[in-house]
Amino acid sequence: MSSNADGYTKNEMMISASARTLAGERVCFVGVGLPNIVCNLAQRTVAPQLQLVYEAGVFGARPARLPLSIGDPTLVSGSTAVTSMFELFAFYLQAGLVDAAFLGGAQIDRFGNLNTTVIGDYAQPKVRLPGSGGACEIAIHARKVLVIMRQAPRSFVEKLHFRTSPGHSGDPEHDRARGWFGSGPTSVVTDLGTYGFDEDTGEMTLLTLHPGVTLQQVRENMGWDPKVSPGLGETPPPSEEELRILREELDPGGVYIS
Amino acid sequence: MSKLATMRDAIAELVRDGDTVAIEGFTHLICFAAGHEIIRQRRRDLTLARMTPDVVYDQMIGAGVARKLIFSWLGNPGVGHLHSVRRRVERHDPGPLELEEYSHFGMVCRYAAGAANLPFFPIRSYYESDIPSVNPNIVPMRSPYDGTEVYVVPPLRPDVTIVHAQRATEDGDTQIWGLLGCQKEAAFAAERVIVVCEEVVPEEVVRRDPNRTVIPGIVVDAVVQEPFGCHPSYAQGYYDRDNAFYLEWENVSKDPETLDSWLKEWVYDLGSHAEYVEKMGAERWEELRPGERLSGQVNYGDYS
């Protein structure tokens with residue numbers, strides 16, 4: 001494990017900061033990979049009442065191991081309900097029962113629109129990415145969309161190559177008139193800092209820098225000049241308890257936290 | 001009437017060149033055994049439909065059975081890419097692959113419309129997304145009641161749907177537990193249905209627990225018993241997902257020559273899935289065997 005001088009890794013910082021954004025939430029739609037460990041950490045810290053929903057058709061999962069895939073059998077055993085995917089998307093997500101959901105992508109723009117479809121031209125792309133999966137409808141129906149992504153100039157871009165999942169439009173009046181449960185991400189957590197979205201413009205705004213990270217580093221790792229909160233602060237580092245849960249209970253093999 | 005068949009006969013009779021074929025199952029119960037038999041019988045020009053084209057479709061597309069893919073998420077879950085598919089799409093190597101893509105809910109509702117004999121299905125997805133701009137089948141429409149804008153998707157009626165199940169009777173009454181995916185919708189939507197199962201059970205077993213029946217024999221054309229037929233996918237309570245296989249697939253699929261030799265060794269040179277099971281070795285199956293976690297029992301009541 002490559003810890004820094006303070007004794008934790010970049011991933012541990014990103015996961016802990018992201019888990020805190022779930023404080024008080026009740027129903028969370030979980031994605032595979034980092035969101036999975038984030039949600040499980042939140043359930044053990046800031047959101048003990050959190051019900052984990054998996055698009056594979058599981059409500060109230062209690063995974064006994066960290067699943068590699070989003071349809072692991074451990075999600076079923078001991079869960080509250082197993083549903084068909086039609087029911088999960090229609091009755092739970094589209095009907096507004098999901099409070100929070102995690103999304104990521106190959107590209108995000110300053111308004112939180114996400115691309116998980118192609119890099120390059122659609123007809124003959126440079127890189128063919130997985131596509132929407134449930135992301136397009138999650139972006140529309142989850143009451144809070146939380147983004148977790150590593151930051152780089154090729155992923156934080158001025159212009160998306162394809163808009164798979166809608167974020168803010170840049171016109172808050174338009175966003176309010178959409179009538180969706182959500183209407184754009186509420187937070188973005190990266191390996192460098194945390195962002196919110198400006199209420200008047202819908203623009204991604206840097207709120208905190210992780211300990212040891214500079215504003216210069218943030219600027220070098222995105223494709224536009226970011227809006228910075230006047231009250232720019234420092235992200236609290238992972239607590240001993242967060243680190244203990246991550247290392248001893250959730251990811252003893254160090255798959256996600258290393 | 002018994003519909004029991006060998007995999008070879010079921011595929012030979014029910015899957016034809018040019019068909020639209022859906023092998024469904026969301027992570028769980030993906031029938032690799034059927035995919036391999038389709039490869040062995042060298043079907044061509046198939047349109048493959050699946051919410052999540054997974055390693056099984058990477059194998060089939062790498063083997064050249066398909067000309068088109070209908071899907072909503074394309075990848076090796078938790079691992080990365082499907083390289084056979086990417087080569088076809090990005091470099092047209094060895095030829096282009098036509099894509100028709102939806103979101104997950106859009107695909108589920110296509111099957112639901114097919115199953116319910118509806119002309120389309122309305123959903124609240126695709127708003128302000130670029131997906132409809134690359135798929136003219138996704139069309140905006142206003143509700144005749146309150147004017148709400150929805151998008152509609154057309155029914156998907158596969159020529160053949162193949163589902164794997166824990167157990168079925170020889171008539172095709174099929175019981176599944178664990179993740180249900182969209183198998184019920186995909187089966188009812190199809191012209192022909194092949195059920196592959198871990199165990200063939202007497203009718204009495206099904207009648208004792210009718211709530212667990214997902215697909216009735218009335219829509220099923222053939223029943224094939226093929227233990228471990230989902231590997232490296234899994235069957236809840238029977239064997240675990242072989243995550244190591246999914247991780248290793250990245251290296252197999254990346255290089256066309258490695259892929260070809262994998263297909264030769266594990267598909268073309270074997271006569272059946274039983275030979276695959278034997279070749280994989282008893283130790284592997286032992287490693288994948290889960291512990292026991294039984295459900296409780298309910299009282300359906302005796303009303304005689």
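Biologist: Which residues of H2(B) and H10(B) meet?

Modeller: On the H2(B) side they are B:His36, B:Ile39 and B:Arg40, and these meet B:Leu263, B:Val267 and B:Tyr268 in H10(B). Sorted by class, the contact of H2(B) with H10(B) comprises four nonpolar residues, one polar and one charged. Please bear in mind that this is a predicted model.

Biologist: At what angle do the axes of H2(B) and H10 cross?

Modeller: They cross at roughly 105°, and the axes come within 10 Å. H10 covers residues 256-268 of chain B.

Biologist: Are those two helices roughly parallel or roughly perpendicular?

Modeller: H2(B) and H10(B) are roughly perpendicular to each other, because a crossing angle of 65 to 115 degrees is placed in that class.

Biologist: And how do H2 and H3 of chain B cross?

Modeller: The axes of H2, residues 32-40, and H3, residues 55-62, come within 10 Å and cross at roughly 0°. H2(B) is therefore roughly parallel to H3(B).

Biologist: Which residues make that contact?

Modeller: H2(B) contributes B:Phe32, B:Gly35, B:Ile38 and B:Ile39, while H3(B) contributes B:Val56, B:Gln59 and B:Met60.

Biologist: What does H10(B) do with H9?

Modeller: H9, residues 243-254 of chain B, packs with H10(B) at an angle of about 115°, and their axes are 5 Å apart. The two helices are therefore roughly perpendicular to each other. The contact involves B:Asn251, B:Val252 and B:Ser253 of H9(B), together with B:Thr258, B:Leu259 and B:Trp262 of H10(B). It has three nonpolar and three polar residues, and no charged ones.

Biologist: Let us move to a single residue. Where does B:His164 lie?

Modeller: B:His164 lies in strand S8 of chain B, which covers residues 160-168.

Biologist: Is B:His164 buried or exposed?

Modeller: B:His164 is buried, because 29 other C-beta atoms lie within 10 Å, and a residue counts as buried at 20 or more.

Biologist: What is B:His164 in contact with, leaving aside its neighbours within four places in sequence?

Modeller: Its contacts are B:Gly25, B:Leu29, B:Ile30, B:Cys31, B:Val196, B:Cys197, B:Gly229 and B:Cys230.

Biologist: What separates the C-alpha atoms of B:His164 and B:Arg208?

Modeller: The separation is 21 Å, for two residues that are 44 residues apart along the chain.

Biologist: Now chain B as a whole. How many helices and strands are there?

Modeller: Chain B has 12 helices and 12 strands. Its radius of gyration is 20 Å, close to the 19 Å that the globule rule gives for 304 residues, so chain B is as compact as a globular protein of that length. Along the principal axes, its C-alpha atoms fill a box of roughly 60 × 50 × 35 Å. Of the 304 residues, 50% are buried. Among contacts between residues at least 6 apart in sequence, 74% join residues at least 24 apart.

Biologist: What about chain A, how many helices and strands?

Modeller: Chain A has seven helices and 14 strands. With 258 residues, a compact globule would have a radius of gyration near 18 Å, and chain A agrees with its 18 Å. Its C-alpha trace spans about 45 × 45 × 35 Å along the principal axes. Buried residues account for 55% of chain A. For contacts in chain A between residues at least 6 apart in sequence, 65% join residues at least 24 apart.

Biologist: Finally, what ipTM does the predictor give the complex?

Modeller: The complex has an ipTM of 0.96 and a pTM of 0.96. Chain B averages a pLDDT of 97, and 100% of its residues score at least 70.

Definitions and conventions
Residues numbered from 1 in each chain as written. Chains lettered and ligands numbered in written order. Predicted model: local features only at pLDDT ≥ 70, side-chain atom pairs only at ≥ 80, totals over all residues. Helix = DSSP H or I, 4+ residues; strand = E, 2+ residues; numbered from the N terminus. Rg over C-alpha atoms; globule rule 2.2 N^0.38 Å. Buried ≥ 20, exposed ≤ 12 C-beta atoms within 10 Å, placed from the backbone. Contact = placed C-beta atoms within 7 Å. Axes fitted to C-alpha atoms, helices over the stretch in contact; angles between N-to-C directions. Parallel < 35°, antiparallel > 145°, perpendicular 65-115°, else oblique. pLDDT = per-residue confidence, 0-100. Nonpolar A, V, L, I, M, F, W, Y, C, P; charged D, E, K, R; others polar.
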